Amino acid sequence: MNMTVDEILKQQILSREDVIALLQTDKEGRNKVFTHAAKIKADYVGKKVYYRGLVEMSNICSKNCYYCGIRLDNTNAERYDISDKEILDAVKFAYESNYGSVVLQAGEISSPKFTKRISKLLKQIKELSNNELGITISLGEQPEEVYREWFEAGAHRYLLRIESSNPDLYYKLHPKNQKHDFETRLDCLRSLQKVGYQTGTGVMIGLPFQTYEDLANDLFFMRDFDIDMCGMGPYIEHKDTPLYEYSDLLMPIEDRFTLTLKMVSLLRIIMKDINIAAATALQAIDPIGREKAIKVGANIIMPNVTPGMYRDSYKLYENKPCTDEEAADCTNCMEMRIGITGDDIGYGEWGDSKHFAKRTQHQS
Ligand code: SAH
Ligand code: SF4
């Protein structure tokens with residue numbers, strides 16, 4: 001006999017079948033999942049949201065992921081690379097606004113020159129903030145020694161989404177070549193853990209060809225990999241990309257949105273003490289999309305501090321929000337937004353992953 005949502009949620013451990021069933025619940029069922037996840041969040045990580053000021057450093061990328069608007073072969077993307085001074089000014093803004101942490105993100109570039117530039121920037125960020133700012137980086141696949149150099153220069157968290165934990169689906173989203181190798185991506189995640197980063201991964205939700213089983217497996221992949229942080233968001237098609245061709249296979253965008261909220265909730269239920277980001281892509285669908293994610297389990301938000309003139313060019317997907325604003329506009333707006341979730345804001349705090357603390361305690 002099939003179990004009810006209440007019966008499923010009462011169990012200590014959810015099976016793959018349970019998760020697949022919960023991903024497909026109707027409105028009444030999903031509200032139960034959301035309420036359960038909100039309680040777990042309050043009990044394990046508290047009703048508190050931490051800020052990471054996001055600097056989208058550059059949209060220059062050497063890769064060709066089929067879904068992404070800034071892929072190498074998209075000649076319609078106007079390329080930019082923010083100067084070090086502008087990056088440091090943006091970081092200073094985050095510091096002075098008491099954001100606690102910053103994230104540096106960019107297209108994927110691998111070169112000794114790029115490695116050195118990032119190391120220098122990391123040290124400068126530590127200096128300008130009296131070592132107070134926490135630093136997350138999201139700069140794609142790199143050799144382990146590069147990850148180590150950046151860790152030693154001051155970064156302590158790294159985001160590298162697996163995009164999909166199903167290799168078959170992964171290769172429908174990426175060219176089948178050495179630069180887009182699934183095994184390499186896994187190796188990179190392992191290297192990040194080994195070097196000592198709080199390691200974050202995530203997936204896109206509502207991709208063409210993706211099944212509920214794939215999504216359930218993604219959640220168990222994250223559990224089995226023992227990740228510390230997660231950033232996952234809805235897939236939003238971009239017309240200048242090869243994957244756009246399969247747009248007729250997509251579920252309606254509102255359903256991708258709701259499915260993302262369910263994924264956030266279920267991950268919170270499965271991995272109680274990790275950090276989960278409310279993805280910016282949610283806001284491209286619903287003006288209060290990120291706040292909704294915070295209500296159902298997320299505890300991290302990444303206000304954009306990229307100088308306004310560049311924001312429109314960092315277009316991974318269409319309808320990116322707030323591209324006509326400056327960082328200063330975001331502070332009040334963010335405070336009001338978190339206000340509606342009922343959570344506190346962890347001003348000036350790093351808000352590190354509690355899971356990481358536990359994971360590393362056990363090891364030592
Ligand atoms: N180059 C780095 C960081 C920038 S891309 C990297 O790839 O890791 C950051 C994330 O944007 C990717 O991991 C991907 O999941 C997401 N992304 C790219 N294109 C997207 C799209 N069309 N819809 C939703 N998310 C997208
Ligand atoms: Fe480049 Fe990242 Fe976009 Fe892939 S997802 S094309 S690596 S920016």
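Start with the lining of the largest cavity: by class it has 22 nonpolar, 9 polar and 8 charged residues. Here Ala, Val, Leu, Ile, Met, Phe, Trp, Tyr, Cys and Pro count as nonpolar, Asp, Glu, Lys and Arg as charged, and the others, Gly among them, as polar.

A word on sources. This is a predicted model, where local features need pLDDT of at least 70, side-chain atom pairs count only at pLDDT 80 or more, and totals for chains, interfaces and linings use all residues. Residues are numbered from 1 along each chain as its sequence is written, and side-chain values use heavy atoms, without hydrogens and water.

Back to that cavity. Which residues lie nearest its centre? They are Gln105, Arg161, Glu163, Tyr314 and Leu316. Strand β8 gives the largest share of the lining, 3 residues. Strands and helices are DSSP runs, strands (E) of at least two residues and helices (H or I) of at least four, numbered from the N terminus.

Now follow β8 to its neighbour. β8 pairs with β6 in the parallel sense over 2 bridges; pairing takes at least two DSSP bridges. Cysteine 230 in β8 is the bridge partner of threonine 201. On β6, Gln198 and Gly200 point one way, Thr199 and Thr201 the other, and all are buried, meaning under 20% relative accessible area with a 1.4 Å probe, protein chains only. β5 also runs parallel to β6, joined by 3 bridges. There, arginine 157 stands opposite glutamine 198.

Last stop, helix α6, residues 144–153. Glu144, Val146, Tyr147, Trp150 and Ala153 are buried there. Glycine 154 follows α6, with a positive phi near 135°.

Terms used: Chains lettered and ligands numbered in written order. Buried < 20%, exposed > 50% of the residue type's maximum accessible area, 1.4 Å probe, protein only. 1 Å grid on protein atoms, 1.4 Å probe; cavity = no way out; pocket = protein on both sides within 12 Å on 5 of 7 lines; lining within 4 Å.
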